[in-house]
Amino acid sequence: MSVVKTLGQFIIEKQKDFPYAKGELSRLLRDIGIASKIVNREVNKAGLVDILGEVGTQNSHGESQKKLDVFANEQFISALTVGGECCIVVSEENDEPIYINSEISPNAKYIVAIDPLDGSSNIDVNVSVGTIFSIYRRLSTDGPAQLKDALQNGTEQVAAGYVVYGSSTMLVYTTGKGVNGFTLDPSIGEFCLSHPDMSMPKDGYIYSLNEGNYVHFPQGVKKYLKYCQEEDASTNRPYSSRYIGSMVADLHRNLLKGGIFIYPSTASAPNGKLRLVYECNPMAFIIEQAGGRATNGFKRILDTEVESLHQRSPIFLGSENMVLKVEEFMREHCPELAPREVESSEL
Ligand code: P6P
(Lines give C-alpha, C1' and ligand atoms only; values in the text may rest on other atoms or scores of the structure.)
Protein backbone atom coordinates (compact mmCIF):
# COMPACT_ATOMS: atom_id res chain seq x y z
CA MET A 1 0.00 0.00 0.00
CA SER A 2 1.59 3.29 -1.06
CA VAL A 3 1.93 5.76 1.80
CA VAL A 4 0.64 9.28 1.03
CA LYS A 5 3.20 11.96 1.91
CA THR A 6 1.73 15.45 2.14
CA LEU A 7 3.59 18.66 1.31
CA GLY A 8 3.64 19.57 4.99
CA GLN A 9 5.15 16.22 6.00
CA PHE A 10 7.72 16.43 3.19
CA ILE A 11 8.77 19.96 4.14
CA ILE A 12 9.28 18.98 7.77
CA GLU A 13 11.16 15.83 6.73
CA LYS A 14 13.49 17.82 4.45
CA GLN A 15 14.05 20.51 7.10
CA LYS A 16 16.85 18.36 8.51
CA ASP A 17 18.75 19.02 5.23
CA PHE A 18 19.27 22.55 6.59
CA PRO A 19 21.12 22.22 9.91
CA TYR A 20 20.40 25.82 10.91
CA ALA A 21 16.76 25.72 9.86
CA LYS A 22 14.43 26.59 12.71
CA GLY A 23 11.28 25.99 10.70
CA GLU A 24 10.77 29.49 9.26
CA LEU A 25 11.29 28.45 5.64
CA SER A 26 9.11 25.41 6.26
CA ARG A 27 6.33 27.64 7.55
CA LEU A 28 6.77 30.01 4.61
CA LEU A 29 6.43 27.17 2.09
CA ARG A 30 3.34 25.92 3.89
CA ASP A 31 1.84 29.45 3.81
CA ILE A 32 2.32 29.47 0.02
CA GLY A 33 0.73 26.02 -0.21
CA ILE A 34 -2.35 27.19 1.71
CA ALA A 35 -2.82 30.29 -0.49
CA SER A 36 -2.42 28.08 -3.58
CA LYS A 37 -5.30 25.88 -2.44
CA ILE A 38 -7.55 28.93 -2.01
CA VAL A 39 -6.57 30.27 -5.44
CA ASN A 40 -7.12 26.82 -6.94
CA ARG A 41 -10.70 26.77 -5.60
CA GLU A 42 -11.49 30.10 -7.30
CA VAL A 43 -9.65 29.28 -10.54
CA ASN A 44 -11.66 26.07 -10.85
CA LYS A 45 -14.90 28.05 -10.47
CA ALA A 46 -13.82 30.64 -13.06
CA GLY A 47 -15.81 28.96 -15.82
CA LEU A 48 -18.91 28.90 -13.63
CA VAL A 49 -18.45 32.54 -12.64
CA ASP A 50 -18.12 33.44 -16.33
CA ILE A 51 -21.49 31.83 -16.99
CA LEU A 52 -22.99 33.73 -14.04
CA GLY A 53 -21.04 36.83 -15.13
CA GLU A 54 -23.00 36.88 -18.44
CA VAL A 55 -26.04 38.03 -16.40
CA GLY A 56 -24.29 41.31 -15.64
CA THR A 57 -20.97 42.72 -14.61
CA GLN A 58 -21.53 41.57 -11.01
CA ASN A 59 -21.53 38.09 -9.42
CA SER A 60 -24.69 36.55 -7.99
CA HIS A 61 -24.06 38.24 -4.59
CA GLY A 62 -24.03 41.70 -6.11
CA GLU A 63 -20.29 42.13 -5.41
CA SER A 64 -18.07 43.57 -8.11
CA GLN A 65 -16.21 40.53 -9.45
CA LYS A 66 -12.51 40.78 -8.68
CA LYS A 67 -10.26 39.79 -11.57
CA LEU A 68 -8.77 36.46 -10.59
CA ASP A 69 -5.21 37.68 -10.84
CA VAL A 70 -6.04 40.47 -8.36
CA PHE A 71 -7.85 37.94 -6.13
CA ALA A 72 -4.86 35.58 -6.29
CA ASN A 73 -2.49 38.43 -5.45
CA GLU A 74 -4.54 39.33 -2.38
CA GLN A 75 -4.58 35.71 -1.22
CA PHE A 76 -0.80 35.29 -1.41
CA ILE A 77 -0.08 38.68 0.19
CA SER A 78 -2.54 37.91 2.98
CA ALA A 79 -1.10 34.43 3.63
CA LEU A 80 2.47 35.78 3.62
CA THR A 81 1.53 38.67 5.92
CA VAL A 82 -0.29 36.49 8.47
CA GLY A 83 2.39 33.76 8.27
CA GLY A 84 4.96 36.09 9.88
CA GLU A 85 8.01 34.78 7.99
CA CYS A 86 8.05 37.26 5.09
CA CYS A 87 9.25 40.88 5.29
CA ILE A 88 8.82 41.93 1.65
CA VAL A 89 6.54 40.74 -1.14
CA VAL A 90 7.47 41.64 -4.72
CA SER A 91 4.50 40.94 -6.97
CA GLU A 92 3.85 41.19 -10.68
CA GLU A 93 0.59 42.89 -9.69
CA ASN A 94 2.22 45.67 -7.64
CA ASP A 95 4.54 48.35 -9.01
CA GLU A 96 6.20 48.82 -5.62
CA PRO A 97 7.42 46.23 -3.09
CA ILE A 98 5.02 45.45 -0.25
CA TYR A 99 6.89 45.94 3.05
CA ILE A 100 5.23 43.82 5.70
CA ASN A 101 4.93 45.62 9.01
CA SER A 102 7.78 44.50 11.23
CA GLU A 103 5.43 44.59 14.25
CA ILE A 104 3.39 41.79 12.64
CA SER A 105 6.54 39.91 11.60
CA PRO A 106 9.38 41.11 13.84
CA ASN A 107 11.64 38.16 12.99
CA ALA A 108 10.73 37.78 9.32
CA LYS A 109 13.84 36.97 7.34
CA TYR A 110 12.50 36.08 3.90
CA ILE A 111 11.54 37.96 0.75
CA VAL A 112 8.99 36.43 -1.63
CA ALA A 113 8.81 37.43 -5.30
CA ILE A 114 5.64 36.18 -6.94
CA ASP A 115 3.62 36.13 -10.13
CA PRO A 116 0.34 35.23 -8.46
CA LEU A 117 -1.54 34.15 -11.55
CA ASP A 118 0.64 33.87 -14.64
CA GLY A 119 -1.18 33.53 -17.93
CA SER A 120 -4.44 34.74 -16.41
CA SER A 121 -5.68 35.95 -19.81
CA ASN A 122 -6.10 32.23 -20.57
CA ILE A 123 -8.60 31.69 -17.74
CA ASP A 124 -11.70 32.58 -19.74
CA VAL A 125 -10.81 29.99 -22.37
CA ASN A 126 -10.13 27.35 -19.71
CA VAL A 127 -6.43 27.01 -20.44
CA SER A 128 -4.06 26.10 -17.59
CA VAL A 129 -2.59 29.00 -15.62
CA GLY A 130 -0.05 29.12 -12.84
CA THR A 131 1.60 30.80 -9.87
CA ILE A 132 5.37 31.33 -9.80
CA PHE A 133 7.29 32.13 -6.61
CA SER A 134 10.86 32.79 -5.55
CA ILE A 135 12.23 33.08 -2.00
CA TYR A 136 15.32 35.00 -0.79
CA ARG A 137 16.86 35.53 2.64
CA ARG A 138 16.99 39.20 3.67
CA LEU A 139 20.45 40.82 3.54
CA SER A 140 19.82 43.81 5.82
CA THR A 141 20.40 42.92 9.45
CA ASP A 142 18.67 45.66 11.40
CA GLY A 143 15.68 47.92 11.09
CA PRO A 144 12.98 47.49 8.46
CA ALA A 145 13.74 45.44 5.34
CA GLN A 146 15.08 47.48 2.43
CA LEU A 147 14.76 47.50 -1.35
CA LYS A 148 18.23 45.91 -1.70
CA ASP A 149 16.80 42.83 0.04
CA ALA A 150 14.48 42.40 -2.95
CA LEU A 151 17.09 43.11 -5.63
CA GLN A 152 19.20 39.96 -5.31
CA ASN A 153 20.53 37.88 -8.20
CA GLY A 154 18.86 34.56 -8.95
CA THR A 155 21.82 32.63 -7.52
CA GLU A 156 20.77 33.88 -4.05
CA GLN A 157 17.35 32.16 -4.11
CA VAL A 158 16.81 29.80 -1.17
CA ALA A 159 13.71 28.28 -2.79
CA ALA A 160 11.56 28.60 -5.88
CA GLY A 161 8.45 26.91 -7.17
CA TYR A 162 5.32 27.03 -9.25
CA VAL A 163 1.73 25.90 -9.02
CA VAL A 164 0.06 24.74 -12.24
CA TYR A 165 -3.76 24.89 -12.17
CA GLY A 166 -4.44 22.38 -14.91
CA SER A 167 -6.19 19.04 -15.41
CA SER A 168 -4.89 18.54 -11.88
CA THR A 169 -3.31 21.12 -9.62
CA MET A 170 0.35 20.59 -8.86
CA LEU A 171 2.90 22.42 -6.73
CA VAL A 172 6.52 21.92 -7.82
CA TYR A 173 9.40 23.41 -5.83
CA THR A 174 13.10 23.29 -5.05
CA THR A 175 15.20 24.42 -2.10
CA GLY A 176 18.41 23.73 -3.99
CA LYS A 177 18.45 20.00 -3.35
CA GLY A 178 16.48 18.71 -6.33
CA VAL A 179 12.91 19.27 -7.51
CA ASN A 180 9.78 17.60 -6.14
CA GLY A 181 6.18 17.71 -7.37
CA PHE A 182 2.98 17.48 -5.32
CA THR A 183 -0.51 16.89 -6.69
CA LEU A 184 -3.51 18.37 -4.89
CA ASP A 185 -5.92 15.67 -3.68
CA PRO A 186 -9.20 17.62 -3.39
CA SER A 187 -10.75 14.80 -1.34
CA ILE A 188 -8.38 15.59 1.55
CA GLY A 189 -7.37 19.14 0.57
CA GLU A 190 -3.69 18.26 0.65
CA PHE A 191 -0.81 18.49 -1.84
CA CYS A 192 0.59 14.93 -1.94
CA LEU A 193 4.03 13.89 -3.21
CA SER A 194 3.45 12.52 -6.71
CA HIS A 195 6.66 13.39 -8.61
CA PRO A 196 9.71 12.86 -6.36
CA ASP A 197 13.16 13.93 -7.65
CA MET A 198 11.96 15.40 -10.96
CA SER A 199 14.63 15.23 -13.66
CA MET A 200 14.55 17.00 -17.02
CA PRO A 201 15.63 14.83 -19.99
CA LYS A 202 18.96 16.10 -21.45
CA ASP A 203 17.44 15.90 -24.93
CA GLY A 204 13.95 16.84 -25.98
CA TYR A 205 11.82 16.98 -29.10
CA ILE A 206 9.38 19.78 -28.23
CA TYR A 207 9.96 23.46 -28.86
CA SER A 208 7.76 26.13 -27.28
CA LEU A 209 7.72 29.75 -28.51
CA ASN A 210 5.24 32.13 -30.08
CA GLU A 211 6.00 31.62 -33.77
CA GLY A 212 3.64 34.50 -34.58
CA ASN A 213 6.55 36.77 -33.65
CA TYR A 214 8.86 35.06 -36.20
CA VAL A 215 9.62 38.15 -38.26
CA HIS A 216 10.77 39.95 -35.12
CA PHE A 217 12.98 37.14 -33.78
CA PRO A 218 16.77 37.49 -33.66
CA GLN A 219 18.51 35.74 -36.57
CA GLY A 220 19.83 33.01 -34.25
CA VAL A 221 16.31 32.11 -33.14
CA LYS A 222 15.05 32.06 -36.74
CA LYS A 223 17.86 29.69 -37.72
CA TYR A 224 17.20 27.47 -34.70
CA LEU A 225 13.47 27.33 -35.49
CA LYS A 226 14.27 26.14 -39.04
CA TYR A 227 16.70 23.59 -37.53
CA CYS A 228 13.84 22.23 -35.37
CA GLN A 229 11.63 21.93 -38.46
CA GLU A 230 14.15 20.12 -40.74
CA GLU A 231 13.73 16.42 -41.55
CA ASP A 232 16.49 14.40 -39.90
CA ALA A 233 15.54 11.01 -38.52
CA SER A 234 18.89 10.60 -36.74
CA THR A 235 18.06 13.52 -34.42
CA ASN A 236 14.29 12.92 -34.26
CA ARG A 237 13.60 16.07 -36.30
CA PRO A 238 11.29 17.74 -37.10
CA TYR A 239 10.48 18.37 -33.44
CA SER A 240 6.94 19.07 -32.24
CA SER A 241 5.75 22.63 -31.67
CA ARG A 242 3.79 22.97 -28.42
CA TYR A 243 2.90 26.44 -27.07
CA ILE A 244 0.04 27.13 -24.67
CA GLY A 245 0.79 30.77 -23.88
CA SER A 246 1.06 30.03 -20.16
CA MET A 247 4.71 29.81 -19.15
CA VAL A 248 4.01 27.53 -16.17
CA ALA A 249 2.01 25.03 -18.25
CA ASP A 250 4.51 25.05 -21.14
CA LEU A 251 7.45 24.67 -18.81
CA HIS A 252 5.81 21.93 -16.70
CA ARG A 253 5.16 19.81 -19.81
CA ASN A 254 8.71 20.32 -21.05
CA LEU A 255 10.13 19.48 -17.60
CA LEU A 256 8.32 16.13 -17.67
CA LYS A 257 8.83 15.26 -21.34
CA GLY A 258 11.93 17.21 -22.37
CA GLY A 259 11.83 20.32 -24.54
CA ILE A 260 12.82 23.95 -24.82
CA PHE A 261 10.89 27.13 -24.00
CA ILE A 262 12.03 30.36 -25.65
CA TYR A 263 10.85 33.92 -25.18
CA PRO A 264 13.56 35.92 -26.99
CA SER A 265 14.26 39.60 -27.38
CA THR A 266 12.86 41.43 -30.39
CA ALA A 267 13.74 44.82 -31.85
CA SER A 268 10.78 46.41 -30.04
CA ALA A 269 11.41 44.46 -26.81
CA PRO A 270 15.20 44.18 -26.50
CA ASN A 271 14.84 42.41 -23.13
CA GLY A 272 11.97 40.17 -24.19
CA LYS A 273 8.65 40.03 -22.34
CA LEU A 274 9.13 37.84 -19.28
CA ARG A 275 10.15 39.30 -15.95
CA LEU A 276 13.49 38.33 -14.43
CA VAL A 277 12.65 38.47 -10.71
CA TYR A 278 9.37 36.54 -10.52
CA GLU A 279 9.27 34.53 -13.77
CA CYS A 280 12.73 33.86 -15.23
CA ASN A 281 14.81 33.45 -12.05
CA PRO A 282 12.47 31.03 -10.22
CA MET A 283 11.91 28.95 -13.35
CA ALA A 284 15.64 28.94 -14.10
CA PHE A 285 16.41 27.73 -10.55
CA ILE A 286 13.88 24.91 -10.87
CA ILE A 287 15.05 23.84 -14.33
CA GLU A 288 18.73 23.85 -13.32
CA GLN A 289 17.93 21.84 -10.21
CA ALA A 290 16.16 19.30 -12.45
CA GLY A 291 19.27 19.03 -14.67
CA GLY A 292 18.20 21.48 -17.39
CA ARG A 293 19.75 24.74 -18.56
CA ALA A 294 18.48 28.34 -18.44
CA THR A 295 20.16 31.27 -20.22
CA ASN A 296 19.32 34.49 -22.04
CA GLY A 297 20.76 32.93 -25.18
CA PHE A 298 24.32 33.74 -24.08
CA LYS A 299 24.54 33.90 -20.28
CA ARG A 300 23.08 32.00 -17.33
CA ILE A 301 19.79 33.57 -16.20
CA LEU A 302 20.66 33.17 -12.51
CA ASP A 303 23.83 35.26 -12.97
CA THR A 304 21.91 38.17 -14.51
CA GLU A 305 22.34 41.38 -12.51
CA VAL A 306 19.00 42.35 -10.94
CA GLU A 307 18.74 46.14 -11.26
CA SER A 308 15.00 46.69 -10.94
CA LEU A 309 12.01 44.73 -9.68
CA HIS A 310 10.16 44.42 -12.98
CA GLN A 311 13.07 44.18 -15.41
CA ARG A 312 12.64 41.77 -18.29
CA SER A 313 14.99 39.15 -19.74
CA PRO A 314 15.10 37.02 -22.86
CA ILE A 315 14.85 33.38 -21.76
CA PHE A 316 15.89 30.06 -23.28
CA LEU A 317 15.27 27.22 -20.86
CA GLY A 318 14.77 23.47 -20.91
CA SER A 319 16.66 20.33 -21.88
CA GLU A 320 20.35 21.03 -21.61
CA ASN A 321 21.38 19.87 -25.09
CA MET A 322 18.55 21.84 -26.75
CA VAL A 323 19.54 25.08 -24.99
CA LEU A 324 23.21 24.50 -25.84
CA LYS A 325 22.21 24.01 -29.49
CA VAL A 326 20.24 27.26 -29.75
CA GLU A 327 23.11 29.09 -28.05
CA GLU A 328 25.37 27.91 -30.91
CA PHE A 329 22.96 29.54 -33.39
CA MET A 330 22.81 32.74 -31.28
CA ARG A 331 26.62 33.01 -31.14
CA GLU A 332 26.94 32.36 -34.86
CA HIS A 333 24.07 34.49 -36.23
CA CYS A 334 23.53 37.34 -33.74
CA PRO A 335 26.63 37.68 -31.52
CA GLU A 336 25.91 41.41 -31.25
CA LEU A 337 23.03 40.57 -28.89
CA ALA A 338 25.37 39.02 -26.32
CA PRO A 339 25.33 41.05 -23.07
CA ARG A 340 28.48 43.14 -22.85
CA GLU A 341 30.72 41.72 -20.12
CA VAL A 342 31.81 44.58 -17.87
CA GLU A 343 35.65 44.73 -18.02
CA SER A 344 37.31 44.53 -14.59
CA SER A 345 38.98 47.89 -15.45
CA GLU A 346 35.46 49.36 -15.74
CA LEU A 347 34.42 48.23 -12.26
P1 P6P B 1 2.73 35.75 -25.75
C2 P6P B 1 1.45 35.08 -20.04
O3 P6P B 1 0.94 36.37 -20.37
C4 P6P B 1 2.97 35.15 -20.15
O5 P6P B 1 3.47 36.05 -19.21
C6 P6P B 1 3.58 33.77 -19.98
O7 P6P B 1 2.89 32.98 -19.08
C8 P6P B 1 3.54 33.22 -21.39
O9 P6P B 1 4.55 32.27 -21.63
C10 P6P B 1 3.76 34.47 -22.25
O11 P6P B 1 3.33 35.59 -21.46
C12 P6P B 1 2.93 34.42 -23.52
O13 P6P B 1 3.24 35.59 -24.23
O14 P6P B 1 3.37 37.04 -26.22
O15 P6P B 1 3.24 34.56 -26.53
O16 P6P B 1 1.22 35.79 -25.68
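The legends below describe close-up views of a predicted model. In this model, local features need pLDDT of at least 70 and side-chain atom pairs count only at pLDDT 80 or more, while totals for chains, interfaces and linings use all residues. Residues are numbered from 1 along each chain as its sequence is written, and side-chain values use heavy atoms, with hydrogens and water left out.

**View 1. The open sheet of 8 strands.** The strand order is β2-β1-β3-β4-β5-β6-β7-β8, and the pairing is mixed. Strands are DSSP runs (E, at least two residues), as are helices (H or I, at least four), numbered from the N terminus; two strands pair if DSSP finds at least two bridges between them. At the edges lie β2 (98-99) and β8 (190-195), each of which pairs on one side only.

**View 2. Strands β7 and β8.** Strand β7 (residues 179-185) runs antiparallel to β8, and 5 bridges join them. L184 stands opposite F191 in β8.

**View 3. Helices on the sheet.** Helix α1 (residues 7-14) packs on the sheet and touches β6 (169-174), β7 and β8; contact means heavy atoms within 4.5 Å. The direction of α1 makes about 10° with that of β6. Axes are lines fitted to C-alpha atoms, for helices over the stretch in contact, and angles run from 0 to 180 degrees between N-to-C directions. Helix α6 (residues 247-257) also packs on the sheet, its contacts including β3 (110-118) and β5 (157-165), and its direction makes about 100° with that of β5.

**View 4. Strand β13 (residues 315-318).** I315 and L317 on one side and F316 and G318 on the other are all buried, that is, under 20% relative accessible area (1.4 Å probe, protein chains only). Strand β11 (residues 260-263) is joined to β13 by 4 bridges, and β12 (residues 293-295) by 3; both pairings are antiparallel. G318 is the bridge partner of I260 and of R293.

Definitions and conventions:
Buried means under 20% relative accessible area, exposed over 50%, partly exposed in between (1.4 Å probe, protein chains only).
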